[in-house]
Amino acid sequence: MKTFLDENFLLTNETAVHLFHEYAKDLPIIDYHCHLSPKEIYENKQFNNITEAWLYGDHYKWRMMRANGVEENKVTGEASDYDRFVAWAGTLPMAIGNPLYHWSHMELQTYFGVHDLINEQNAPAIWEKVNAKLAEGGSRARDLITNSKVTVICTTDDPVDSLEYHIKIKEIKDFNTQVLPSYRPDKALEINRATFLPWIAQLEKAAGTTISSYDDLLGALESRAEFFNSVGCKVSDHALDYVPFAVATKEEVEQIFKSALAGNSVSLEDEKKYKAFTLLFLGGVYKKLDWAMQYHINASRNNNGQAFAKLGPDTGFDSINDSLVASALTGLLSSLAVADSLPRTILYSLNARDNEILASLMGSFQGDGIPGKIQLGAAWWFNDTKDGMVSQMKSLGNFGLLGRFVGMLTDSRSFLSYTRHEYFRRILCNMFGEWVEAGEFPNDEQLLKQLVQGISYNNAKQYFGF
């Protein structure tokens, strides 16, 4: 029987052990998609206790706590940090099979040297040990990043953001990690949401212009993209809960936009026309700036109306959507290709059913001499489990070039989440080891080294141009 979370955790064969410890374990990390706060990085946030580091803003854990019967006061409410931590410690033993069980113990071991199993009985001891470690210093936000050997962080940023903290971070002399913005114009696309008109007013201020026409909007979006580019941005991102596509003329979209500016709601068909036309324009901007474009598809957000009214978005009430993707996504990518406006693109779906659809579709749009120009994005959110990661990589291997995969990301708001890269690398090496030992792939040392190090780090560095 293997010991829980020993040095060969998740490595079930000799080849996997060799690949991980020799070629993957000590590589740096590129985190090309996350939700860390650049302000907290700049200010080098000090965590006063483990609850601040673990439970503030972590909707993954909040969902589990609610499922375990923890009252909301100890999830997002006014309960003390200690009581919230004890509630989480009492929840985790029930999470057998959930990656949070692995991640939480890995984080305790990696960052705080605590090897205790987490449960309600030893929660007081863990609380004291971790908080003592935090109080010693050396565990502030930038310390955690540096100690994790993170070379690049791409945060997630609205076009109206000033990027002041990204700019300030560049001036820190003893911090060598690049912290770059990512351009995420979701609010520009959501023409039917209550946030749309207030956001347009924010965009006017940020871009220093008046927006009274669709051309004005496009000009402002491009202007902000150019500003982001000047601060080092190399990637955009779009949350597409469904993939919008409908053919429309610019004149039609102008009328749709003006109707929305007047405070009117627009039909679903007109929403699709507006979103598709805008996405096509933005794709051209990204191509011109030599950015990579990300589409995060098929999330169903804020499902619980009562909870949304009380707590707002991103509080753990989301799920997997089941909208169809093949036809609309083909239309978007083909239109971009016809206009010679298709940038490097990463396609993610929260619905694992779509992996093979995306992996086969992207093969139709590779080219331009760019290795892996169109990527099947890493297993994301509800899919970044052991099974989800293996499934995503097998789909990519079945339909494309797994060896060109740009690898893992954290998609996290936590500075402790970099153990997820180790988790991914262990799973990757184990899968390769299984194939080698079953005679399904040659035991070619140099080729295996190239593949493991490429997927773990080098491919992302080359793909994004960091």
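Predicted model: local features only at pLDDT ≥ 70, side-chain atom pairs only at ≥ 80, totals over all residues.

Biologist: What is the strand order in the open sheet of three strands?

Modeller: The order is E1-E2-E3, with parallel pairing. Helices (H or I, at least four residues) and strands (E, at least two) are DSSP runs, numbered from the N terminus. Two strands pair if DSSP finds at least two bridges between them.

Biologist: Which are the edge strands there?

Modeller: E1 and E3 are the edge strands, each pairing on one side only. From one strand to the next, the twist averages 5°. Angles run from 0 to 180 degrees between N-to-C directions, and axes are lines fitted to C-alpha atoms, for helices over the stretch in contact.

Biologist: How many bridges pair E1 with E2, and how many join E2 to E3?

Modeller: Strand E1 (residues 29-31) pairs with E2 over three bridges, in the parallel sense. Three bridges also join E2 to strand E3 (residues 178-180), again running parallel.

Biologist: Which residues face each other across those pairs?

Modeller: Ile-29 has Val-150 of E2 as its bridge partner, and Ile-30 stands opposite Val-152 in E2. Val-152 also stands opposite Gln-178 in E3.

Biologist: Why is strand E2 described as largely enclosed?

Modeller: Four of the five residues of E2 (residues 150-154) are buried, so the strand is largely enclosed by the rest of the structure. Buried means under 20% relative accessible area, exposed over 50%, and partly exposed in between (1.4 Å probe, protein chains only).

Biologist: Now the open sheet of four strands: what is its order?

Modeller: That sheet has the order E4-E5-E8-E9, with parallel pairing. Strand E4 (235-240) and strand E9 (374-376) stand at the edges with a single partner strand each, so one side of each lacks a neighbour in the sheet. The twist here averages 20° from one strand to the next.

Biologist: How many bridges join E5 to E8?

Modeller: Six bridges join strand E5 (residues 292-297) to strand E8 (residues 344-349), and the two run parallel. Within this pair, His-296 has Tyr-348 of E8 as its bridge partner.

Biologist: Which strands does H14 touch, and which does H20 touch?

Modeller: H14 packs on the sheet and touches E4 and E5, its direction making about 160° with that of E4. Helix H20 (residues 445-464) also packs on the sheet, touching E4, E5, E8 and E9, and its direction makes about 130° with that of E8. Contact means heavy atoms within 4.5 Å.

Biologist: Turning to the helices, at what angle do H12 and H14 cross?

Modeller: The axes of helix H12 (residues 214-230) and helix H14 (residues 268-289) cross at roughly 35° and come within 11 Å. Residues making the contact include Leu-217, Leu-221 and Ala-225 of H12 and Phe-277, Phe-281 and Val-285 of H14. By class, the contact residues are 11 nonpolar, two polar and three charged. Ala, Val, Leu, Ile, Met, Phe, Trp, Tyr, Cys and Pro count as nonpolar, Asp, Glu, Lys and Arg as charged, and the others, Gly among them, as polar.

Biologist: How are H4 and H5 arranged?

Modeller: The axes of helix H4 (residues 59-67) and helix H5 (residues 81-91) come within 9 Å and cross at roughly 70°. That makes H4 roughly perpendicular to H5; angles under 35 degrees count as roughly parallel, over 145 as roughly antiparallel, 65 to 115 as roughly perpendicular and the rest as oblique. Lys-61, Trp-62, Met-64 and Met-65 of H4 meet Arg-84, Ala-87, Trp-88 and Thr-91 of H5.

Biologist: Is Asp-215 buried or partly exposed?

Modeller: Asp-215, in helix H12, is partly exposed, with a relative accessible area of 44%. Leaving aside neighbours within four places in sequence, Asp-215 is in contact with Lys-250 and Glu-254.

Biologist: And where is Ser-139?

Modeller: Ser-139 lies in the loop between helix H7 (123-135) and helix H8 (141-147). Ser-139 is buried, with a relative accessible area of 4%.

Note on methods
Residues numbered from 1 in each chain as written. Heavy atoms only, no water.
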